[in-house]
Amino acid sequence: LSFYSCTDFVEVDPPKNNLSTNTVFDDAATVKSALANIYLKMRDESLVSGNNGLSTLMGIYTDELDYYLTDTDNNQLYLHNVLASNSTINSWWTNAYTILYAANDIITGVENSKLLSADEKAEFHGQALFVRAYMHSLLASLYGDVPYITTTNYLENNVVSRTSIDQIYEYIINDLKIAVNLLNNEDSTGEKVVPNKAVANALLSRMYLYTENWEMAERTASILINTFSLEKDVTKVFLKSSASTLWQFKPNGISILNTYEANQFVIRFIPGQAFALRQELLSTFEPGDLRRLNWVGNTTSADGLTTLYYANKYKSIFNATVSLEYSILFRLEEQYLIRAEAQAQLNNLLGSQTDLNMIRNRAGLNNTAAITKEELLGAIMQERFLEFFTEQGHRWFDLKRRGEAENRLSAIKTNWKNTDIVLPIPETEIAVNPNLKPQNAGY
C-alpha cells in the first residue's frame, strides 16, 4: 500500500496507510487516490516525466537537442554508445513496470469490489486500462519486444517472457477499445488531468497509425477533431487552459508551480546549460513560422560570443507564484496530423492537404505545396518535427516507424548503428529473469 501514499495530484483525499487492500477497493475516494498516485509517479519519475524523461533524453538521442553536461548515462544516449547497464534505461523500465503493477492491481481490485457502483467500477477500470496500454506502448517503442503484463501475480511476472511487437500492439488496441467504452466523456476535475474517453481515443488513433491501419486511424482521429477545437493562438498552446489539450500533468502546486519542461529546457546562463536545440531543427523552420518565433528562445553568453537556442514552449520557470502551464501529453494537433497521414496513405490527397494546412495556417504559413502522396507524406513528417519537437519522444518514434532513423541520424551521430533502433533490455532485469533473453542485437 506504500504506492497508494498521500498525494494531492488531483486533490483527492489520500487513503490511510493501514487500510487493507479490500478496503481500498471498496471505497471510491481511496481508489481515486490510488489512481492519482499512478499519475504522480508518471509525472515525477517515469519516462513520460518532463524531468529526464523522453522529451529531453530522446531529444538528445535524435536530431532535436545537443547535450552539454557530463552525466555518463545521458552522454551514452547523446553519443549513441548506450550500454545495457545504463541507469536511465534501467529506471525507465523498472518505473514503467511498477506503474503497470499498480494499474493491474486496480483493475483486479475494482472488478472484485462489492461496494463500488457500476459507474465507479467502469471509470476506474477504464483509467487503469488506459495506463496499462499507454505504458506498454512506450516500452515497446523503446525496447521492442517486451513483456505485456496483465497480472499482479509475482510468481508469473518473475519468469515472464517477452511478447512480440505485433502481439503487443494487438493487446494495446484491445485494452484501449475497452477503455473507450468504460471511460467518461469529461474529466471530473475540469483541468484535463485525468484521462477520459477522448484521451483513450487519442492513444488509440496513434496505435492505429503505428500499425498502419489507415482506415481506423482516420476514423478515430476524426472523432476527436469533430468533438474538440484547435487552439487558434500559437502563444496559448502550452498554457494550462489551451483548447487543444486533451491530457496534461498538473504541477504539485507546493514546491513546484510550473513544469519540469521549463526548468529543463530554458537556458538561463551560458555556460551552465544542459540542452540546446540542434541546427538540424532550427534550419527546418520556414520563414515566418510563428512556432519559430514563439516556441524557440535564445540566450547569449556574457562575452557575446555564444548564442544558444532552446525549446521555449513552456516559458515559466520555478519562480512563479501561480501555475500557468501544465505538462501536456496529448493534444489535438497530433490528431490532425495523424488523419492527414492516414488520408495520404488512402490516397485522399485533398483531405490530407486540408488537415496539414490546418496546422500550417495556425503557424502563420501558407498552404502546403505538396501535391503527390509521397510529397504529402514528407511534408507531414516535417510538420510533425516542427510541431512536436521536444515533446514526449515524438521525433524518435516517427523516425523509427517511418524507417528514416538511419538516413537522418547516421550523418550526425558518429557512433550510429542500425541496431540503435531499439534500446537494450536492462542487464539487471535479464540477470533476475533469464526468460527476457536474448538481449537486443548490438548490446
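**Surroundings of F124**

Beyond its neighbours within four places in sequence, F124 is in contact (heavy atoms within 4.5 Å) with A28, V31, K32, L35, I106, V110 and L116. The model is predicted, with local features requiring pLDDT of at least 70 and side-chain atom pairs counting only at pLDDT 80 or more, while totals for chains, interfaces and linings use all residues. Residues are numbered from 1 along each chain as its sequence is written, and side-chain values use heavy atoms, with hydrogens and water left out.

F124 belongs to helix α6 (residues 118–143), where helices are DSSP runs of H or I with at least four residues, strands are runs of E with at least two, and both are numbered from the N terminus. With a relative accessibility of 3%, F124 counts as buried, a term that means under 20% relative accessible area, as against exposed at over 50% and partly exposed in between, for a 1.4 Å probe and protein chains only. The C-alpha atoms of F124 and M358 are separated by 35 Å, and the two residues stand 234 residues apart along the chain.

**A covered helix**

Helix α3 (residues 54–61) is mostly covered, with 8 of its 8 residues buried. These are L54, S55, T56, L57, M58, G59, I60 and Y61.

**Aromatic pairs**

The structure holds 18 aromatic pairs, counted where rings of Phe, Tyr and Trp (its six-membered ring) have centres within 6.5 Å, with planes under 30 degrees apart taken as stacked, over 60 as edge-to-face and the rest as tilted. The rings of Y39 and W247 have centres 6.1 Å apart and planes at 75°, so this pair is edge-to-face. Because Y39 lies in helix α2 (residues 28–45) and W247 in strand β2 (residues 245–249), the pair ties together parts that are 208 residues apart in sequence.

W247 also forms an edge-to-face pair with F249, at 5.4 Å centre to centre and with 75° between the planes. W247 is buried with a relative accessible area of 0%, and F249 is buried with 2%; Y39 is buried as well. One aromatic cluster is formed by Y39, F130, Y134, W247, F249 and F330.

**Helices packed around α14**

The axes of helix α9 (residues 197–210) and helix α14 (residues 332–345) come within 10 Å and cross at roughly 30°, where axes are lines fitted to C-alpha atoms, for helices over the stretch in contact, and angles run from 0 to 180 degrees between N-to-C directions. The two helices are therefore roughly parallel to each other, on a scale where angles under 35 degrees count as roughly parallel, over 145 as roughly antiparallel, 65 to 115 as roughly perpendicular and the rest as oblique. In this contact, A202, S205, R206 and L209 of α9 meet E334, Q335, I338 and E341 of α14. The residues divide into 3 nonpolar, 2 polar and 3 charged, with Ala, Val, Leu, Ile, Met, Phe, Trp, Tyr, Cys and Pro taken as nonpolar, Asp, Glu, Lys and Arg as charged, and the others, Gly among them, as polar.

Helix α10 (residues 214–225) packs against α14 at an angle of about 145°, with the axes 8 Å apart. The contact of α10 with α14 has 9 nonpolar, 4 polar and 3 charged residues. Between α14 and helix α15 (residues 349–362) the angle is about 155° and the axes are 7 Å apart; these helices are therefore roughly antiparallel to each other. Here E333, Y336, L337, R339, A340, Q343 and A344 of α14 meet L349, G351, S352, D355, L356, M358, I359 and R362 of α15.
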